Amino acid sequence: MAHLTDMSSRILIIDYGSQYTQLIARRVREARVYSEIHPPTRSVEWVREWNPTGIILSGGPNSVYGENVPTADPALLDVAPTLGVCYGMQLISHLLGGEVIRGAHREYGRDEVIIDEGEALFAGFTPGERTQVWMSHGDHVEKAPPGFRVVAHSGKQAIAAIRHESKPILAVQFHPEVAHTPRGSEIIANFLFDTCRCTPDWTPGAFIEEEVAKIRAQVGNARVICGLSGGVDSSVAAALVHRAIGDQLTCIFVDNGLLRLHEREQVERTFRAHLGIDLRVVDASQQFLDALAGVDDPETKRKRIGHTFIDVFEEAAQSVGDDVRFLVQGTLYPDVIESVSPTGGPSVTIKSHHNVGGLKPDMKFALIEPLRELFKDEVRNVGRELGLPEEMVGRHPFPGPGLGIRVISDVTQEKLDVLRQADAIYLEEIRSAGLYNEIWQAFAVLLPIRSVGVMGDERTYENVLALRAVTSTDGMTADWFHFPHEVLGRISNRIIREVTGINRVVYDVSSKPPATIEWE
Ligand SMILES: Nc1ncnc2c1ncn2[C@@H]1O[C@H](COP(=O)(O)OP(=O)(O)OP(=O)(O)O)[C@@H](O)[C@H]1O
Ligand SMILES: O=c1[nH]c(=O)c2[nH+]cn([C@@H]3O[C@H](COP(=O)(O)O)[C@@H](O)[C@H]3O)c2[nH]1
Ligand SMILES: NC(=O)CC[C@H](N)C(=O)O
Ligand SMILES: [Mg+2]
């Protein structure tokens with residue numbers, strides 16, 4: 001890989017706080033062009049100095065006509081070719097004299113746009129063609145600014161894309177960066193290569209070597225522990241760090257009592273079979289149950305779980321050695337963006353992932369998180385490159401807070417046992433129907449709602465279980481999985497028959513957004 005500073009093309013992404021900003025970076029990365037994300041507070045002089053080949057303005061949660069909202073100096077639009085996305089498009093319109101208003105209905109999820117004419121941003125598309133896109137906005141551009149023309153529209157003539165008549169300023173209302181805009185990468189590539197004339201010479205193939213070098217420099221001779229869950233991210237992080245520092249690394253697997261049926265045994269077995277790394281298993285289930293007793297607020301649960309993890313790691317570190325100064329976590333970008341604002345930009349907290357927003361503030365370790373800017377499927381590829389078996393890299397994600405955020409309301413041992421049993425049947429049936437690899441993630445949720453049923457002529461009054469299964473590539477957007485009805489029927493029958501405490505099963509048909517994958 002050529003060194004970053006030698007790159008002939010560089011894209012500056014300005015983060016207005018969208019959940020998807022890093023996905024823009026990822027698409028640019030996939031097109032083999034170098035990019036960096038920066039907050040909207042960078043001055044025009046700073047940007048000129050940075051010398052971008054092109055600029056992308058991300059989406060964001062604010063409304064451009066609101067007070068104290070992030071904005072841009074209009075002079076920015078003359079520094080380099082610019083593409084505005086969602087809030088970015090609204091901002092360009094607002095700055096240059098167009099009209100942005102709150103719409104009667106908000107548009108969330110799938111939509112279609114019609115390409116109005118032969119526009120370079122849509123090279124490869126046919127004029128008049130309808131193309132599927134992902135929308136997530138409440139405001140819209142009612143009138144394009146003077147000097148702009150509309151190059152795509154949606155629904156009832158709503159403006160979906162605009163371009164300046166003579167300057168390289170383009171904007172789209174939808175999100176080309178998400179996987180649910182199937183031809184979004186082509187649109188971004190058209191901007192990069194047609195409008196910005198970028199050269200595709202940044203290949204991330206040496207990501208591993210670069211990270212290995214960084215980790216060695218950071219760690220020196222110190223000892224390092226890794227929070228290992230057996231999931232994809234921590235296994236890949238462990239393998240990567242092990243490649244860098246070998247025996248200085250010890251992995252700690254915490255049984256937090258919130259794991260799935262037989263998970264502890266399975267993780268130990270797979271890990272020992274495939275990775276020659278020192279592994280310690282710590283049983284901390286009672287500690288987690290105590291921390292969760294009586295808590296039903298999701299954010300409080302997440303923070304208690306996050307803090308308890310660190311307590312457990314700190315204690316475990318003492319048995320590893322006196323000089324444990326670093327904690328490796330398999331944190332990925334979605335964990336970060338949903339928890340905090342990574343660039344100091346204006347994103348809001350959606351949920352505090354236990355390993356980011358839920359961390360203990362006075363923790364003793366410095367963090368090593370080599371995957372912090374990547375997405376799940378990119379991590380899977382790094383894992384394959386490192387030689388990890390498909391059994392590890394192909395696993396469905398399972399969140400650190402585990403069943404603790406799938407028992408809605410307060411967590412007790414009894415509820416966990418009911419959920420664990422139902423969840424195991426659900427996954428067993430998915431596997432035996434041959435659907436495991438078609439689904440990105442599947443799990444059951446125990447609801448604090450009871451309903452009346454009749455079983456063997458007797459009245460029952462028991463809990464409702466919700467099933468969730470989604471398709472996704474990166475966890476940032478997701479769609480509910482379309483199960484064959486007979487499989488759903490079989491799952492429901494088995495759960496109601498075999499699990500005492502559940503007499504009704506429902507299936508969750510919400511996409512993300514506007515829902516999230518987990519319920520809490
Ligand atoms: N039971 C556990 N024991 C030790 N560390 C854990 C445990 N659960 C989670 N962690 C830590 O928290 C991080 C984030 O968890 P997360 O579930 O996002 O990732 P993962 O478990 O590695 O992968 P996956 O998303 O495939 O489940 C993990 O990478 C790991 O470092
Ligand atoms: O390790 C984790 N710690 C957490 O606190 C956490 N919360 C959600 N998730 C997982 O992240 C992905 C996106 O989930 P959401 O759509 O619910 O935010 C899904 O794969 C979730 O299972 C977590 N993983
Ligand atoms: N996703 C976005 O960028 C949304 C922009 C703006 N907040 C709206 O709702 O229209
Ligand atoms: Mg996990």
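Visitor: Is the crossing of α6 past α11 left-handed or right-handed?
Guide: This is a predicted model, in which local features need pLDDT of at least 70, side-chain atom pairs count only at pLDDT 80 or more, and totals for chains, interfaces and linings use all residues. Residues are numbered from 1 along each chain as its sequence is written, and chains are lettered from A and ligands numbered from 1 in the order in which they are written. Helices are DSSP runs of H or I with at least four residues, strands runs of E with at least two, numbered from the N terminus. A crossing is left-handed if the near helix is turned anticlockwise from the far one by less than a right angle, and right-handed if clockwise; that of α6 past α11 is left-handed.

Visitor: Which residues of α11 make the contact with α6?
Guide: Contact requires C-beta atoms, placed from the backbone, within 7 Å. The α6 side uses V232, D233, S235 and V236. Facing them on α11 are K376, V379, R380, V382 and G383.

Visitor: Which helix gives the most to the shell around ligand 2?
Guide: A residue is near a molecule if its C-beta atom, placed from the backbone, lies within 6 Å of it. Ligand 2 has 18 residues around it, and H353, P399, T516, I517 and E518 come nearest. With three residues, the top contributor is helix α10 (residues 333-339).

Visitor: Which residues are closest to ligand 1?
Guide: Both α6 (232-245) and β11 (249-255) supply at least two residues of its shell. Of the 21 residues that surround ligand 1, the closest are G227, G231, S234, G330 and G400.

Key:
Two residues are in contact if their C-beta atoms, placed from the backbone, lie within 7 Å.
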